[in-house]
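Dear colleague,

Please find below the structure that I am handing over to you. My notes on what was found in it follow directly after.

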Amino acid sequence: MTGAVITIAIILILVGGSTAGVISYFRLQRHRADAVAMAHYRKLAEQSTAQLDVLQDRLSLIDGRLKEIESLLRSVG
């Protein structure tokens, strides 16, 4: 009787250990995928910020030109 109990206990320990290993593996893979996604997001955010700075510079230039045109139109008018 005790041999059967020991056998069952060993099998349960092996199955439980295997299950815990598989669960840990998939958690690690999910964590890695999240880290990769975050790195891509960070890179995209940096690119967007750089492009926004360029657009703001262009808008400032256009604003200055529009003010010059307005002053020319007022001087003519």
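Is Asp 63 buried, partly exposed or exposed? At 37% relative accessibility, Asp 63 counts as partly exposed, where buried means under 20% relative accessible area, exposed over 50%, and partly exposed in between (1.4 Å probe, protein chains only).

Before the remaining findings, a word on their basis. This is a predicted model, in which local features need pLDDT of at least 70 and side-chain atom pairs count only at pLDDT 80 or more, whereas totals for chains, interfaces and linings use all residues. Residues are numbered from 1 along each chain as its sequence is written, and side-chain values use heavy atoms, with hydrogens and water left out.

Overall form

The chain contains one helix and zero strands; both are DSSP runs numbered from the N terminus (helices H or I, at least four residues; strands E, at least two). The radius of gyration of the chain is 33 Å, well over the 11 Å that the globule rule gives for 77 residues, so the chain is more spread out than a compact globule. That radius is taken over C-alpha atoms, and the globule rule is 2.2 Å times the number of residues to the power 0.38. Along the principal axes, the C-alpha atoms fill a box of roughly 110 × 15 × 5 Å.

Of the 77 residues, 0% count as buried. The accessible surface of the chain amounts to about 7200 Å², and 67% of this belongs to carbon and sulfur atoms. Such areas come from the Shrake-Rupley method with a 1.4 Å probe; for residues, only the protein chains shown count as cover.

Helix H1

Helix H1 spans residues 2-76, and Leu 73 has its place there. Met 38 also lies in helix H1 and is partly exposed, with a relative accessible area of 43%. From Met 38 to Leu 28, ten residues away in sequence, the C-alpha to C-alpha distance is 15 Å. Ser 71 is likewise found in helix H1; this residue is partly exposed at a relative accessible area of 43%. Between the C-alpha atoms of Ser 71 and Glu 46, which are 25 residues apart along the chain, the separation is 38 Å.

Side-chain contacts

One salt bridge is counted, the term being used for a side-chain nitrogen of Lys or Arg within 4 Å of a carboxyl oxygen of Asp or Glu. The side chains of Lys 67 and Asp 63 meet in a salt bridge at 3.4 Å, N to O. Lys 67 and Asp 63 are separated by about one helical turn, because they are four residues apart in helix H1.

The count of aromatic pairs also comes to one. Tyr 25 and Phe 26 form an edge-to-face pair, with 5.3 Å centre to centre and 75 degrees between the planes. Rings of Phe, Tyr and Trp (its six-membered ring) pair if their centres lie within 6.5 Å; planes under 30 degrees apart count as stacked, over 60 as edge-to-face and the rest as tilted. Tyr 25 is partly exposed at 47% relative accessible area, while Phe 26 counts as exposed at 54%.

Surface patch

Leu 59, Ile 62, Leu 66, Ile 69 and Leu 73 form a nonpolar surface patch with about 500 Å² of accessible area together. Patches are made of residues with over 30% relative accessible area and no salt bridge; like charges are joined within 9 Å, nonpolar side chains (Val, Leu, Ile, Met, Phe, Trp, Tyr) within 5 Å. Leu 73 is exposed, with a relative accessible area of 59%.

With kind regards
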